[in-house]
Amino acid sequence: MKDSKNFPELKNDNVLRAARGEPVDRVPVWVMRQAGRYLPEFQEVRKQHDFFTVCRTPELACEVTMQPLRRFDLDASIIFSDILVIPQAFGMTVEMHPGVGPVFPEPLKTPADLAKLTPDGAVDRLKYVGEALTMMRHMLEGRVPLLGFTGAPWTLMGYMIEGGGSKTMSKAKAWLSDYTEDAKKLLAMLTSAIVDYLEMQVKSGAQMLQVFESSAEHLTKDDFMKWSMPYLKEINDKLKQRLIEQNIPLVPMTIFAKGAGHSLAEQATLGYEVISLDWTVDPLEARKQVGPNITLQGNLDPQDLYKTPEEVRELATVMVRKFGKSRYIANLGHGITPQTPIVSMEVLVDAVHKAL
C-alpha cells in the first residue's frame with residue numbers, strides 16, 4: 001500500500017499476517033527488548049550517550065533499533081524507546097541509574113501532586129518518537145514491519161508513585177484504596193495521553209502496536225478487572241475509532257499483561273488482535289481460554305536462553321509446536337535479559353523458523 005511518506009514496500013509481512021489470522025510461510029519471531037543491553041554494539045552506543053538521550057535522538061534510536069536485525073533473521077523490529085517517556089512528557093523527571101533502572105527523584109506522594117503534572121500537549125513533547133519511527137521505516141527498506149509501543153496506565157501509574165521499579169507496588173496499590181477517585185483521575189489522564197501517543201505512532205509509520213501492562217502481576221484478578229481492563233479497552237477502542245474517522249488503515253494491537261494469566265478469557269474481550277503471554281502460561285490452556293480468533297504471542301522464559309544451545313533449540317521447538325503455525329507469533333515471556341549469550345538468540349530464531 002502506498003503511503004504519503006513514500007515508505008518502501010514491505011517484503012516480509014509474516015508478523016502482520018499472523019496478527020490478522022492469515023496464513024504465514026514461516027512462524028514469525030521477534031523478542032521484547034531485542035534492541036538492548038545484551039548486544040555489545042548497544043553497549044558501545046551507551047558508553048557515549050545517556051539512555052534517554054538515545055531515546056530522544058532519532059538517529060541513535062534508529063541505530064540501536066537496527067542492531068539486532070543485522071545479526072538475526074528476525075521478523076519484526078520494534079522502535080527503541082521506553083514506556084516512561086510518557087511520565088517525562090507529563091513533566092516528571094526520570095533518570096536511568098546503572099544497575100538500578102529508572103528512578104523518579106520526585107514521585108507522586110499524595111493527590112495534591114497531580115497538579116504538578118502537565119498532560120496537555122504531552123504528545124507534542126513525544127514527537128521525537130514519531131520522527132524515529134518515520135526514519136526507521138525508511139532505514140528498514142521494507143525488510144520487516146516496525147512496531148511501536150506504550151506502557152499501560154496502571155503500569156505507568158505504578159512507576160510514577162513508587163518512584164521506580166517495585167517488587168510490591170505497595171504505594172501505588174494504597175492509592176487504589178486510599179485515594180480511589182484520584183487514582184481513577186490519574187489513570188484516565190494517562191489513558192487519554194496514550195491514545196494520542198499511539199495515534200501519532202501510527203501516523204509516523206508504526207505498522208503494529210504493543211501495550212505493555214508489565215505490572216499486572218501486582219493486581220488480583222478482581223483488581224485487574226477494575227483498574228486495568230477498562231483502560232486497556234478504552235485505548236484500543238478509541239484509537240481504532242480515531243483511525244477510522246481519519247480514513248487511516250488500522251494496525252494490529254497487542255496487549256501484554258504480565259502476570260495476568262488468570263484473565264486470558266477476559267483479555268480476549270478487549271478487542272486486541274494479539275494477546276502476548278508470559279512464561280507461566282501453558283500455550284494449550286491459553287488457546288482454550290482465548291478461542292480461535294485471537295493471535296497468541298510468546299512465551300519462552302528469558303532465563304531459558306542461558307541454557308546450552310541444544311537445550312534452547314529443543315525448548316523453542318517444543319514451544320512452537322504447542323502453539324502451532326496459525327495465529328502465533330514466537331517471542332519470549334518477557335524482555336531479553338542483559339547477559340543473554342548471543343548464540344542463544346541465533347539458535348532461538350533459527351529453531352522457531354525450522355520448528356514446523
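**Salt bridges, backbone geometry and helix packing**

Glutamate 44 is partly exposed, with a relative accessibility of 44%; buried stands for under 20% relative accessible area, exposed for over 50%, and partly exposed for values in between, using a 1.4 Å probe and protein chains only. The model is predicted, so local features are given at pLDDT of at least 70 and side-chain atom pairs at pLDDT 80 or more, while totals for chains, interfaces and linings use all residues. Residues are numbered from 1 along each chain as its sequence is written, and side-chain values use heavy atoms, with hydrogens and water left out.

Glutamate 44 forms a salt bridge with lysine 47, with an N to O distance of 2.8 Å. A salt bridge is counted where a side-chain nitrogen of Lys or Arg is within 4 Å of a carboxyl oxygen of Asp or Glu. Side chains of opposite charge can pair when their charged atoms come close. Lysine 47 and glutamate 44 are about one helical turn apart because they lie three residues apart in helix 2. Helices (H or I, at least four residues) and strands (E, at least two) are DSSP runs, numbered from the N terminus. Lysine 47 is exposed, at 61% relative accessibility.

Across the whole structure, 22 salt bridges are found. One of them joins arginine 26 to aspartate 75, with 2.9 Å between the closest N and O atoms. This pair links distant parts of the chain, 49 residues apart: arginine 26 is in the loop between helix 1 (14-20) and helix 2 (40-48), and aspartate 75 is in the loop between helix 4 (58-71) and strand 1 (77-78). Aspartate 75 is buried, with 0% relative accessibility.

A salt bridge of 3.0 Å, N to O, also connects glutamate 217 with lysine 258. Glutamate 217 is in the loop between strand 5 (208-213) and helix 10 (221-227), and lysine 258 is in the loop between strand 6 (253-257) and helix 12 (264-267), so the bridge ties together parts that are 41 residues apart in sequence. Glutamate 217 is partly exposed at 40% relative accessibility, whereas lysine 258 is buried with a relative accessible area of 10%.

Helix 9 (residues 180-204) packs against helix 11 (residues 229-245) at an angle of about 35°, and their axes are 9 Å apart. Axes are lines fitted to C-alpha atoms, for helices over the stretch in contact, and angles run from 0 to 180 degrees between N-to-C directions. The crossing of helix 9 and helix 11 is right-handed; a crossing is right-handed if the near helix is turned clockwise from the far one by less than a right angle, and left-handed if anticlockwise. Contact is taken as heavy atoms within 4.5 Å. On the helix 9 side, the residues that meet helix 11 are Lys184, Leu187, Ala188, Thr191, Ile194, Val195, Asp196, Leu198, Glu199 and Val202, and on the helix 11 side they meet Tyr231, Glu234, Ile235, Lys238, Leu239, Arg242 and Leu243. This contact has ten nonpolar, one polar and six charged residues, where Ala, Val, Leu, Ile, Met, Phe, Trp, Tyr, Cys and Pro count as nonpolar, Asp, Glu, Lys and Arg as charged, and the others, Gly among them, as polar.

Some backbone values were also noted. The peptide bond from glycine 298 to asparagine 299 is cis, with omega near -15°, and asparagine 299 belongs to strand 8 (residues 295-300). Asparagine 6 is not a glycine but has a positive phi of about 55°. Asparagine 6 is in the segment before helix 1 and is exposed, with a relative accessible area of 61%. Methionine 169, also not a glycine, has a positive phi of about 55°. Methionine 169 is in the loop between helix 7 (153-162) and helix 8 (170-178) and is buried at 3% relative accessibility.

Leucine 147 is part of strand 4 (residues 146-151) and is buried, with a relative accessible area of 1%. Apart from neighbours within four places in sequence, the contacts of leucine 147 are Trp30, Ala76, Ser77, Ile78, Ile79, Leu133 and Met208.

An unreviewed UniProt entry places the feature "domain: Uroporphyrinogen decarboxylase (URO-D)" at residues 28-37 and 147-163; UniProt positions follow the numbering used here, feature names are shortened, and annotations may be inferred rather than shown by experiment. Residues 28-37 are 0% helix and 0% strand, with end C-alpha atoms 23 Å apart. Residues 147-163 are 59% helix and 29% strand, with end C-alpha atoms 28 Å apart.
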